[in-house]
Amino acid sequence: MKLERELMRGAGPTAVLKLLEPGEKYGYELVERLSQQTDGVLAMGQSTLYPMLYNLEAKGLVASRERKADSGRRRRYYRLTGKGKRKLAKDTAQWKRLVEAMQGIGVVGEPAGGGAG
Amino acid sequence: MSETTSTDTAPVAKQSGKKHPLLLALNTPVGHLLRGRVTGPVHRRTKAEPEQRTELSAEAERLIDRVVKRTRLWPSEKREVNAELVAHFADGYEAGHTTDELIESFGDPVRSAKLIRRAKRRCRPLWWQTMRYGRNVFGVFVGLYILLAGYLLLGENEPEVNYLAKLNAESRSVPEDERAWPLYVQAGLALNADPLHEHHSALGKNDRIDELPYPGEPGWEAVSAYLDDHAASLDLVERGARKAELGFVVGRQFTPTECRLFDLEVEKAEQYAFDWREESLVAVLLPHLSSMRDQHTLMLLRARRAAMRGGPDQAMRSIDLALRMAEHVHGPFLIDQLVAVTLANRTFEEVGRLIQRDPKAFDDGQLRNLAHRLAAVNHSLQLDFTGERYFLKDVIQRIYTDGWLGSGHVNLAGMDQLLQMFNLSQRMDRVYDGSPALFHAIEGAAMPAMAVWMAPRNEMERKTEQLYSKMGVVTREPMWRWDELWNEGPGEVFHFLTQSSMLTEWRYALIKQLMPSLSRAAEVAEHARAKRDAVLVAIALEIHRRRNGSWPEALDEMTPHLLPEVPPDRFTGEPMQYVLRDGDPLLYSVGIDRDDDGGRLPAGRTDNSPAADRNERARSWLAPDRWKQSKRDGDLPDGDWILWPAPEG
């Protein structure tokens with residue numbers, strides 16, 4: 001199942017920022033991870049991903065550089081900036097509150113093992 | 001944020017290795033240099049490097065080319081996008097996907113190109129964003145300006161009030177046979193055929209009466225002969241002066257006889273006309289004033305000759321008629337009111353000179369009658385700004401549209417009229433080498449801006465009324481009260497006309513251009529009143545001397561039997577100053593410095609300034625703030641204003 005455009009517009013950038021949190025990644029790698037790690041829910045094609053990355057770059061949330069990979073292929077790698085990290089932290093907190101709110105009204109079920117803490 | 005390692009990726013660098021920066025700059029397109037980018041020669045192809053391209057299928061390559069081309073980005077940006085998409089496809093192949101799968105997952109290429117273009121442009125440098133913003137703002141401004149221009153081009157400016165007819169109503173109501181003007185025209189035509197100044201080489205054209213000779217002086221014989229030769233014409237002038245009303249119809253449509261008098265051919269008269277000026281006050285010419293001045297001079301010369309040749313009754317009659325002529329000239333416009341003041345003042349001065357030169361010319365009864373006649377002069381010395389107010393209102397109604405609730409604006413036709421009025425059209429025609437289309441295009445383009453900053457019609461009309469109303473103080477009140485009343489009106493007008501900000505100046509440019517110096521005009525009338533008062537005192541002095549054998553010690557000795565009261569000093573409101581110098585009386589005002597210097601003239605601007613100029617300095621009124629400044633700076637003329645007899649030297 002894929003998200004509707006409006007939901008994707010809100011979730012996509014946060015997802016991309018989150019994927020970049022551990023370290024820099026190139027475009028295809030992000031597409032693959034988004035598809036695999038979200039069971040295709042947040043899967044996006046190049047036509048969506050690259051404009052999103054350029055927008056994040058314009059906002060100063062990510063930075064890019066081109067370099068040769070070990071395979072010898074040149075790729076553009078994206079990484080989080082300090083501003084991007086702060087934005088990710090803020091978005092993460094908001095998403096958590098949103099999910100909790102959705103749980104509160106039963107839109108989203110309790111996570112497995114919920115309430116252990 | 002992009003940290004592109006250009007040495008690895010730039011196509012030129014790839015093809016030719018590292019180049020010297022200067023060489024690189026020389027090979028950079030001008031457009032890139034202007035953007036502050038040294039790119040070297042632009043690779044025409046924006047595709048990826050050959051070794052990567054070879055990995056792609058033809059379909060994938062076409063898709064990428066299509067997307068990149070549609071982004072319409074800068075070449076360097078296209079190269080970056082292209083390289084990234086190629087790398088993406090190559091990574092997809094490496095992960096085991098087919099071309100079809102990758103193309104399917106790519107999404108809509110048109111939308112993709114659009115989003116990429118939008119996002120990449122956001123990444124552009126600040127200067128570019130600023131220029132784009134500025135361009136957009138400019139575009140909006142131009143759009144609004146065009147809309148405004150369209151609005152301003154609309155609207156009619158149809159004059160509603162015929163101010164010329166209003167001003168002429170009184171003159172037109174005078175029956176033809178009761179008008180003085182036709183007689184003045186006849187006399188003027190005859191006198192023009194043989195003007196006084198051509199009669200004697202010593203007499204220059206437009207000589208002032210005080211510069212013309214007296215009996216016994218060189219040149220007098222020629223003057224006297226002239227008066228004899230033109231006795232018939234002067235009788236016509238006298239007949240005219242006896243009429244109750246002048247009956248001159250102002251405008252620009254003159255009879256052929258009037259055109260001959262004004263030396264104004266009908267064709268020549270047309271040169272003064274603008275198409276729009278029919279029935280307009282701008283079209284008003286007042287050429288009769290010059291002819292009236294000349295005839296008035298001759299009337300005074302007649303009085304001079306009669307007084308000094310034992311004909312006091314004739315002299316009295318000529319003086320009375322000269323004063324009537326001044327009243328005839330007094331019309332609705334400031335200019336003819338000022339001429340009326342001048343003619344009355346010249347008459348006062350002539351009487352003053354006659355009493356000084358030949359004190360016995362008139363007997364006591366004649367002197368009393370003369371004094372009563374002079375004292376009765378009032379209308380000729382009055383100023384009102386009816387004609388000037390009408391003039392401005394008439395211009396406003398001809399250049400402004402009617403507007404909604406009176407908020408009319410200057411439209412193209414109005415602006416054209418305004419330019420014609422200031423003779424700017426002819427100047428502009430020269431500038432644009434007779435290309436009216438170009439001129440009108442520029443005029444049309446500038447008009448919205450001019451119309452926007454110019455006050456709307458109702459505001460302009462309100463301001464006109466307000467300013468003239470405030471200036472009324474100087475016409476109603478004597479000069480010595482101007483200082484205390486200055487801040488109640490005239491000061492504001494003076495400040496508006498001389499010291500307002502550039503913005504205000506632009507907003508009310510019409511008023512600033514067309515409003516005359518009203519306080520200066522009012523000052524001229526005050527000077528004439530002072531002269532008249534001095535002559536009245538001089539007459540009383542002469543009668544006193546005849547009765548007592550000596551001059552009085554003080555002027556109040558003559559009140560109230562010879563003078564109802566001592567006339568005021570126009571600068572202070574205190575009694576007029578009087579002193580006996582070398583046994584002769586001297587009447588004076590303390591002058592602009594408000595300080596009694598015993599009847600001494602101030603120094604001139606130069607060492608050999610004539611006495612008349614020095615006297616002129618002493619009587620020139622200054623606004624309170626300028627007076628204080630001059631006082632602080634020590635620039636105030638230190639001396640008195642001599643009223644009678646006229647200072648010599």
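**Briefing: the A–B interface and the nonpolar cores**

Asp91(B) and Arg75(A) form a salt bridge, with their closest N and O atoms 2.7 Å apart. The model is predicted. Between chain B and chain A, the count is 1 salt bridge. The interface buries about 2900 Å², and carbon and sulfur atoms give 47% of that area.

**Contacts across the interface**
- Chain B brings 39 residues into contact with 29 residues of chain A.
- The rule finds 7 residue pairs in polar contact across this interface, with both residues at pLDDT 80 or more.

**The side of chain B that touches chain A**
- Five elements of chain B each supply at least two residues to this side: helix H1 (6-9), helix H5 (50-53), helix H7 (75-94), helix H8 (99-106) and helix H9 (109-122).
- H7(B) gives the most, with 12 residues.
- By residue class, this side of chain B has 14 nonpolar, 11 polar and 14 charged residues.

- In soluble globular proteins, nonpolar side chains tend to be buried together.
- The largest nonpolar core holds 140 residues, and Leu510(B) and Leu587(B) touch the most other members.
- Helix H30 of chain B (residues 518-548) gives the most to this core, with 15 residues.
- Beyond its neighbours within four places in sequence, Leu510(B) is in contact with Leu392(B), Val395(B), Ile396(B), Ile399(B), Tyr400(B), Leu418(B) and Met460(B).
- Another core, of 43 residues, lies apart from the largest one. Its members include Val16(A), Tyr26(A) and Leu88(A) from chain A, and Leu63(B) from chain B.

Notes
Residues are numbered from 1 along each chain as its sequence is written. Chains are lettered from A and ligands numbered from 1 in the order in which they are written. This is a predicted model: local features need pLDDT of at least 70, side-chain atom pairs count only at pLDDT 80 or more; totals for chains, interfaces and linings use all residues. Side-chain values use heavy atoms; hydrogens and water are left out. Contact means heavy atoms within 4.5 Å. Buried area is the accessible area (1.4 Å probe) that two parts lose on being put together, summed over both. A salt bridge is a side-chain nitrogen of Lys or Arg within 4 Å of a carboxyl oxygen of Asp or Glu. A polar contact is a pair of N or O atoms within 3.5 Å; within protein, one must be able to donate a hydrogen and the other to accept it, and residues adjacent in sequence count only if both atoms are side-chain atoms. Helices (H or I, at least four residues) and strands (E, at least two) are DSSP runs, numbered from the N terminus. Ala, Val, Leu, Ile, Met, Phe, Trp, Tyr, Cys and Pro count as nonpolar, Asp, Glu, Lys and Arg as charged, and the others, Gly among them, as polar. A nonpolar core is a set of buried Ala, Val, Leu, Ile, Met, Phe, Trp, Tyr and Cys residues joined through side-chain atoms within 4.5 Å. Buried means under 20% relative accessible area, exposed over 50%, partly exposed in between (1.4 Å probe, protein chains only).
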